[in-house]
Amino acid sequence: MAFRKFLPLFDRVLVERFAAETVTKGGIMLPEKSQGKVLQATVLAVGPGNRTKAGDLQPVSVKAGDRVLLPEYGGTKVTLDDKEYFLFRDGDILGKYLE
């Protein structure tokens, strides 16, 4: 729960990627090199948003608890209490899954 001590600034979003699949549906164990990069994540914390030129606050389009689709490359790795999280800008997030 170290992410509760961390608040992203501006339009940044703190996410935790889902774990990669290590076993196929048929039960075959996958080696680490063949596991693909997981592009789905859960939003843990969001910043307040960006200011427009007029000074108005433009809120972030996702909220904590949302499942999102991330780009294959990008983001900044953040380690909090020996656990890896990633920071993305709100505009870099590709989409949000609806429940």
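The model is predicted, so local features need pLDDT of at least 70 and side-chain atom pairs count only at pLDDT 80 or more, while totals for chains, interfaces and linings use all residues. Residues are numbered from 1 along each chain as its sequence is written, and side-chain values use heavy atoms, with hydrogens and water left out.

A search of the whole structure finds five salt bridges, a salt bridge being a side-chain nitrogen of Lys or Arg within 4 Å of a carboxyl oxygen of Asp or Glu. One of them joins the side chains of Glu-16 and Lys-83, with N to O at 2.9 Å. This pair links distant parts of the chain, since Glu-16 belongs to strand E1 and Lys-83 to strand E7 (residues 83-89), 67 residues apart; strands (E, at least two residues) and helices (H or I, at least four) are DSSP runs, numbered from the N terminus. Glu-16 counts as partly exposed because its relative accessibility is 22%, and Lys-83 is partly exposed as well, with a relative accessible area of 39%. Here buried means under 20% relative accessible area, exposed over 50%, and partly exposed in between, using a 1.4 Å probe and protein chains only.

Asp-66 takes part in a salt bridge with Lys-63, where the closest N and O atoms are 3.3 Å apart. Asp-66 counts as buried, at 11% relative accessibility, whereas Lys-63 is exposed, with a relative accessible area of 52%. The side chain of Asp-66 also meets that of Lys-96 in a salt bridge of 3.8 Å, N to O. Because Asp-66 lies in the loop between strand E4 (57-58) and strand E5 (67-69) and Lys-96 in strand E8 (residues 95-96), the pair ties together parts that are 30 residues apart in sequence. Through shared partners, salt bridges join Lys-63, Asp-66 and Lys-96 into one network.

Not counting residues up to four places away in sequence, Arg-17 touches several residues, among them Lys-37, Leu-70 and Phe-86, where contact means heavy atoms within 4.5 Å.

Lys-77, found in strand E6 (residues 76-80), counts as exposed because its relative accessibility is 51%. With residues up to four places away in sequence again left out, Lys-77 touches Glu-84, Tyr-85 and Phe-86.
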